[in-house]
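Dear colleague,

I am handing this structure over to you, and I would be glad if you could look through it before reading my notes below.

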Amino acid sequence: TDIVEGSSAANARLRREDVLLKVNDQYIFTTNGLIDALRPYNPGEKIKVRVIRDGKEKSFSAVLKSRD
């Protein structure tokens, strides 16, 4: 999936090739798992995202935005 310019993912410097592992302390295995992990949070809240990039684990912070 592409990273939308101006999105929370783009602002956190995530890349298209990143493999998402965790949101805060919750492992992500599916798209629905990602939706479930983000559901308790509101726009403006900060989350920690863990990804695999170029074979290495990296952490990023993201501030959630509204989807409207």
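What follows is a description of the sheet, of a few individual residues and of the pocket.

Please bear in mind that this is a predicted model, in which local features need pLDDT of at least 70 and side-chain atom pairs count only at pLDDT 80 or more, while totals for chains, interfaces and linings use all residues. Residues are numbered from 1 along each chain as its sequence is written, and side-chain values use heavy atoms, with hydrogens and water left out.

The sheet comes first. Helices (H or I, at least four residues) and strands (E, at least two) are DSSP runs numbered from the N terminus, and two strands are said to pair if DSSP finds at least two bridges between them. Four strands form an open sheet in the order β2-β1-β3-β4, with antiparallel pairing; its edge strands are β2 (26-27) and β4, each of which pairs on one side only. As background, strands of a sheet pair through backbone hydrogen bonds, either parallel or antiparallel.

Going through the pairs, β1 and β2 are joined by two bridges, with valine 23 partnered by glutamine 26 in β2 and lysine 22 standing opposite tyrosine 27 in β2. These two strands form a hairpin with two residues between them, and asparagine 24 in that turn has a positive phi of about 50°. Between β1 and β3 there are four bridges in the antiparallel sense, and here valine 23 stands opposite valine 49 in β3. β3 and β4 pair over eight bridges, again in the antiparallel sense, and the bridge partner of valine 51 in β4 is lysine 58.

The helix α2 lies across β1, β2 and β3, running at about 30° to β1; the angle is taken between N-to-C directions on a scale from 0 to 180 degrees, with axes as lines fitted to C-alpha atoms, for helices over the stretch in contact.

Valine 19 lies in strand β1 and, at 44% relative accessibility, counts as partly exposed (buried means under 20% relative accessible area, exposed over 50%, and partly exposed in between, with a 1.4 Å probe and protein chains only). Leaving aside its neighbours within four places in sequence, valine 19 is in contact (heavy atoms within 4.5 Å) with Arg50, Val51 and Ile52. Valine 19 and arginine 50 are 31 residues apart in sequence, and their C-alpha atoms are 8.6 Å apart in space.

Two further residues have a positive phi without being glycine. Arginine 13, with a phi of about 70°, sits in the loop between α1 and β1 and is exposed at 56% relative accessibility. Aspartate 54, with a phi near 55°, belongs to the loop between β3 and β4 (56-63) and is exposed, with a relative accessible area of 66%.

Finally, the largest pocket has a volume of about 1,200 Å³. It is lined by 33 residues, of which Ser8, Ala9, Leu20, Leu34 and Leu38 are the closest to its centre. A pocket is an open set of points on a 1 Å grid over the protein atoms alone where a 1.4 Å probe fits, with protein on both sides within 12 Å along at least five of seven lines, and lining residues have an atom within 4 Å of a point. The volume is the space filled by probe spheres set on the points, which are joined across faces, edges and corners. α1 (8-11), β1 (19-23), α2 (31-38) and β3 (46-53) each supply at least two lining residues, and α2 gives the most, with four.

With kind regards
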